[in-house]
Amino acid sequence: MTDPEATRPIRAVEPGTNGPERNLTARTARGFAWAFTGTVGQAVLQLGATIALARLLTPDEFGAAAAALLIVGLTQLVTQLGVAAALVHRRDLGERDVAAAFWFSVLVAAVFAAVLALSAPVLNGLVGLPADSVLLPLLSIALVLAGATAVPLGLLQRDLRFRPMAMVDLVAAGPALIGVSVVLALAGFGAAALAFGEIAAAAAKCVGYFALTRPSVALERPSVMWGRLKPLLGYGAGFSIAQLGNWFALNADKLVVANLLGTTSLGFYTRAYNLLSEPANVIGGAADKALFPAMARVRDDGERLRAAYVRSSSLVALATIPAAVLLCVLAPEVVGVLLGPQWGEAVLLVQVFALVLLPRTSYKISTSLTRATGAVYRAAWRQWLYAGYVVVLCVTGALTWGIAGVAVGASVAIVVHFLVMLQFSARVSPGLMGAVLRMYPKHLPGLVVTVAATWGVATLVRPVGSDLLTLAVSALAGGAAALGVLVLMRARFAEELAVVRTLRGGGAGGKKPATDDRPTTRIRPARG
């Protein structure tokens, strides 16, 4: 006889018109706000760390750490097999399903961590590291912690609990990752300082997410647990295949630099890349965190999916276009102030990446849509296609123009992938592509005015000879210009401004529902 406690439902993720679902738009907007707040806080902390670490570590030390993190990042994707995403996507979820997913994640992560540590002398050579480098064995500890964190992360996203997630992420990014890295860099640990920082951040997230969710970890017979895992892994495997393709697409350029140009060039490349990835992660990453669980709840309603996609794309453009303009025009000052004079080679790279900041951020919305609708296998081959032309374009660029050629190749690949994913999203939600393309022209006046204001003020102030003054005054002028255009054209951005008012008002009608950040997933120990 089946134990009813073993299959106690946690919560069904399905659309509806009653209860909390009536507030789904408001909750999603607030979820985006908290995810955005958390990622902004992390970006600010990362900015401070970048300023400090760029003066404490050499480009070669940065490159060595980045090379090791490439291997660890790939291994982490392989070990988790999309477990967190599968928990969000699953309509009906029981406590024992959660427990089975947890032990699977921990076991697989531990096995891969051991393999990673033992095979480090061989793997080091694949990314240009010395055979005796200790970075991979160190980072294998973070891999185990990430495996233990996958299930709590999925449960928090499933319940749209982005405020507590943001708090934990800030602790992980601040005192853990950045604090440890800076202290150890001052102590002369070199590239290992960054590795210990990653371990500290992984530990902070593991402890914090566990405290928030307290997932069931009850053990059952292996055959029973495998039976519970199979439905999750069916979706998760497809998601992971897509994620692996996306990982190779996002990191193939770094692998090309490490193997063809060396770790010093990789240091320059990753510093420039990270300066642009922070805005993309702040905007696109926050949107993805909030949109994926929300879209999963209404995945059968094509009209709501399409409306959410278009509104989100427009909001992303409002935030991304001014940032891209400022980074492109003011790249010499950004690099000089943040990194220092030894990083001058990164200026051109920052400008190239700034030109494709909008498509790089926007395609994350397509990723959210395909995950929410379960089209993970159809999306997977497109990610691998993306990886393929990143490799071809970046190798061609490296052999022709060196490190700048790699940046150009990666940027062209980003634009192509954005268009491919937009077309694919239109297949999932008919009419979407036309709606998105009709939306973008209304952002052109803001782009033109922001470029004119930023470039004009920078041209006037640069002769003074102060990078900090030029950066501050020009950024202020560009930001004011972008805001002024938005105010003048507020009628054309009525829907986007309504979402912003929802964020400020705390929900529909300006009143925050009592269920906003309380867990809708209640996990209690199961008997049996």
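The model is predicted, with local features needing pLDDT of at least 70 and side-chain atom pairs counting only at pLDDT 80 or more, while totals for chains, interfaces and linings use all residues. Residues are numbered from 1 along each chain as its sequence is written, and side-chain values use heavy atoms, with hydrogens and water left out.

**Exercise 1.** Describe how helices α2 and α6 pack.

Step 1. Helix α2 covers residues 59-80 and helix α6 covers residues 135-158, where helices are DSSP runs of H or I with at least four residues, numbered from the N terminus.

Step 2. The two pack at an angle of about 35°, their axes being 10 Å apart; axes are lines fitted to C-alpha atoms over the stretch in contact, and angles run from 0 to 180 degrees between N-to-C directions.

Step 3. Residues of α2 including Ala64, Ala68 and Val72 meet residues of α6 including Leu139, Leu143 and Gly147, contact meaning heavy atoms within 4.5 Å.

**Exercise 2.** Determine the surroundings of serine 474.

Step 1. Serine 474 lies in helix α19, residues 467-488.

Step 2. Serine 474 counts as buried because its relative accessibility is 0%, the cut-off being under 20% relative accessible area with a 1.4 Å probe, protein chains only.

Step 3. The serine 474 side chain reaches the backbone oxygen of threonine 470 at 2.8 Å and the backbone nitrogen of alanine 458 at 3.3 Å.

Step 4. Leaving aside residues up to four places away in sequence, serine 474 touches Leu326, Leu330, Thr454, Val457 and Ala458.

Notes
Buried means under 20% relative accessible area, exposed over 50%, partly exposed in between (1.4 Å probe, protein chains only). A polar contact is a pair of N or O atoms within 3.5 Å; within protein, one must be able to donate a hydrogen and the other to accept it, and residues adjacent in sequence count only if both atoms are side-chain atoms.
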